[in-house]
Amino acid sequence: MGEFILAIDQGTTSTRAILFNKKGKIVHVAQKEFQQYFPRAGWVEHNANEIWGSILAVIAAVLTESGHEASEVHAIGITNQRETTVVWDKHTGQPVYNAIVWQSRQTQDIVNDLKDQEGLEELLEQKTGLRLDAYFSATKIKWILDHVDGARTMAENGDLLFGTIDSWIVWRLSKGKAHITDYSNAARTLLYNIHDLKWDEELCKLLDIPMSMLPSVKNSSEIYTHTAPSIFFGEEIPIAGIAGDQQAALFGQTCFSKGMAKNTYGTGCFMLLNTGEQAVKSENGLLTTIAWGIDGQVTYALEGSVFVAGSAIQWLRDGLRMIRSAEDSETYASKVENTDGVYVVPAFVGLGTPYWDTDARGAVFGLTRGTSKEHFIRATLESLAYQTKDVLDAMEQDAGTPIELLRVDGGAVSNKFLMQFQSDILQLRVELAKLNESTALGAAYLAGLATNFWPNQEALSALWMHGQTYQPKMNAEAGEALYDGWKRAVAATRIFKS
C-alpha cells in the first residue's frame, strides 16, 4: 500500500501536483504554468495538449524532487478548473480545437440566440440549477461543432468525445480506457439534470449536441480506472477522486454538514453552502449545483460567484501601480481608520451574484480633495468583503437558515486587515484553515476515501485544523451603515452602462 495520495490540481493558469500523507499534510508540491491564448477580445483558450504536458511535468517533478517512487503513490485525486471544454478525436486522441476556457465569452452569440427561445432559460434553470450563460460548457461544445470544419459530422458519427478538464486528464492517464467525469463537473455543463442525475436528452437536442460525445458520470469518490504503466513510471495507480475546484475546496474544508459554508478568495471569490440532500432553488441569483456524490448519495450546494476579488488587488499593483506587491495593500489600508466615505465597485467584467449584470463596469464613489492613496486601497480591499456579504445574505435567504461561521481559503486570506473587516461586515466568525490548500486536499480526501487510505469522513474532520480565527470587533450598526453605502454605490454603478 502506497504511503501518499497524489492530488493533481489543474487550474486556469497553472498545474500543480501535491503529495499528501496520512495526516493530510503536504509532503511536496510541484507547479508549472502554461500559456493563455486570447485569439480575440473576450476569448480565452488553452491548448489541451500543453495542459497534458504540464501534468506529466509536475507528476515527474513532484516524485523526483521529493525522492519518492511512483509505487509509493496509493491513489490519485483530480481537481480542475471547471466548465473549460475539450473536444477530441477518440481514435487519435487529438483535440479538434483549443480548449475553450470558463472565462471565455466567445459563445455569447449562441447564448443570445438561445435566450430568444421562449421558456428555454426557465427550462435550463429548472433542470440544471444554472443560468443560461457563456460561462458553462454546453455553448462551448456547440461553438466547436459549429465552427471547426468537419467536427459536427465527426460528432454525429460517434468519433468525437467531449470532456471537462478532469475527463481529459483521466482519458490521457488511462490511455483512453476511461471516458468519465464526476457529478460535480457534470453539473457545470448546462446539459446535466441535477435532479434525475443523468445527461438530459431534451437539452442535448435543443443545443444540437450528440449524446455519444458525453462522458459517463460517476461518484466523486470511487476507483474509476488505473494509470497506464507507460504513462506512470510502470505503475498502475488507481484514479479514485474527482471534483471541480470549488466543490473540492468545500470538501477539503470538511464542510460535510448541511449549513456549512466556505469562501475561496482567488482571482474571483466563490462561496459554496452545503444544502445536504436537498437541491435548493435560488430566488436570489445563486446557482444550485452538486457539491459531490459519494456511494450514490448526492450532496447539493448553493454557489455564489464574485467575478473580481484578487484581481482587484492585481489591478492596484499592475494597472494603477499604487502598490508594489499584494502584501503592500494591507500595509496601506491599515494606515487609515476608514475609507473617508470612498467606495470602489470593481465591476471590471460585470457583476456576479446576486446581480448578474454583465453590462456593469467598475466605478469609484465618494472622492474628495482629501482622498488619499490609502483610502483608495482600503476601499478596494473592503469591496471584497462587501461582495462576499452580498452572496452570504442571498444564501441565508435561499436556505432559510443563518450561517454561523465561514471557512475561508485562497491567496487573500493572508491579508489580516481584509479578514478582520470580513468578520466585522458579516458579524460572523471567520476561520482560516491551517493548511491553505483546500482544493487539492479535497481531491486527495476523495481519492483516499475510495481506497481506504482514510476510513471515513469523520476521520477527515478530525484532521482539519484551523489557523487564525477572526471574530467581529465592529458593532453591527456601524457595519450595516457601511454596507448600506456599498449597496447605494452598486445601484449607482448599474445605472452607468458600458
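A nonpolar core is a set of buried Ala, Val, Leu, Ile, Met, Phe, Trp, Tyr and Cys residues joined through side-chain atoms within 4.5 Å, where buried means under 20% relative accessible area, exposed over 50% and partly exposed in between (1.4 Å probe, protein chains only). The structure described here is a predicted model, in which local features need pLDDT of at least 70, side-chain atom pairs count only at pLDDT 80 or more, and totals for chains, interfaces and linings use all residues. Residues are numbered from 1 along each chain as its sequence is written, and side-chain values use heavy atoms, with hydrogens and water left out.

**Nonpolar cores**

- The largest nonpolar core has 54 residues, and Val408 and Met419 touch the most other members.
- Helix α12 (residues 373–399) supplies the largest share of this core, 11 residues; helices (H or I, at least four residues) and strands (E, at least two) are DSSP runs, numbered from the N terminus.
- Another core, of 47 residues, lies apart from the largest one and includes Trp102, Tyr135, Phe136 and Leu203.
- Beyond its neighbours within four places in sequence, Val408 is in contact (heavy atoms within 4.5 Å) with Gln253, Asn263, Tyr265, Val413, Met419, Val430, Glu431, Leu432 and Ala433.
- In soluble globular proteins, nonpolar side chains tend to be buried together.

**Cavities**

- The structure holds 2 cavities of 30 Å³ or more; on a 1 Å grid over the protein atoms alone, a cavity is a set of points where a 1.4 Å probe fits but cannot get out, and its lining residues have an atom within 4 Å of a point.
- The largest cavity contains about 70 Å³ of space, a volume being the space filled by probe spheres set on the points, which are joined across faces, edges and corners.
- Of the 14 residues lining the largest cavity, Val306, Leu351, Gly352, Thr353 and Gln387 are the closest to its centre.
- Both β18 (297–306) and α12 contribute at least two residues each to the lining of the largest cavity.
- That lining of the largest cavity comprises 8 nonpolar, 5 polar and 1 charged residues; Ala, Val, Leu, Ile, Met, Phe, Trp, Tyr, Cys and Pro count as nonpolar, Asp, Glu, Lys and Arg as charged, and the others, Gly among them, as polar.
- The second largest cavity contains about 30 Å³ of space and is lined by Leu114, Leu120, Leu124, Leu203, Leu206 and Leu207.
- Two or more residues of the lining of the second largest cavity come from each of α3 (120–128) and α8 (201–207), with α8 giving the most, 3 residues.
- The lining of the second largest cavity has 6 nonpolar, no polar and no charged residues.

**Buried serines**

- Ser54, in helix α1 (residues 48–66), is buried, with a relative accessible area of 1%.
- The side chains of Ser54 and Thr15 are joined by a polar contact of 2.8 Å; a polar contact is a pair of N or O atoms within 3.5 Å, where within protein one must be able to donate a hydrogen and the other to accept it, and residues adjacent in sequence count only if both atoms are side-chain atoms.
- Ser329, in helix α11 (residues 326–333), counts as buried at 0% relative accessibility.
- A polar contact of 3.3 Å links the side chains of Ser329 and Asn415.
- Leaving aside neighbours within four places in sequence, the contacts of Ser329 are Ile313, Ile323, Ile377, Leu381 and Asn415.

**Helix α9**

- In helix α9 (residues 245–252), 8 of its 8 residues are buried.
- Thr254, which follows α9, has a positive phi, near 55°.

Conventions: On a 1 Å grid over the protein atoms alone, a cavity is a set of points where a 1.4 Å probe fits but cannot get out, and a pocket is an open set with protein on both sides within 12 Å along at least five of seven lines; lining residues have an atom within 4 Å of a point.
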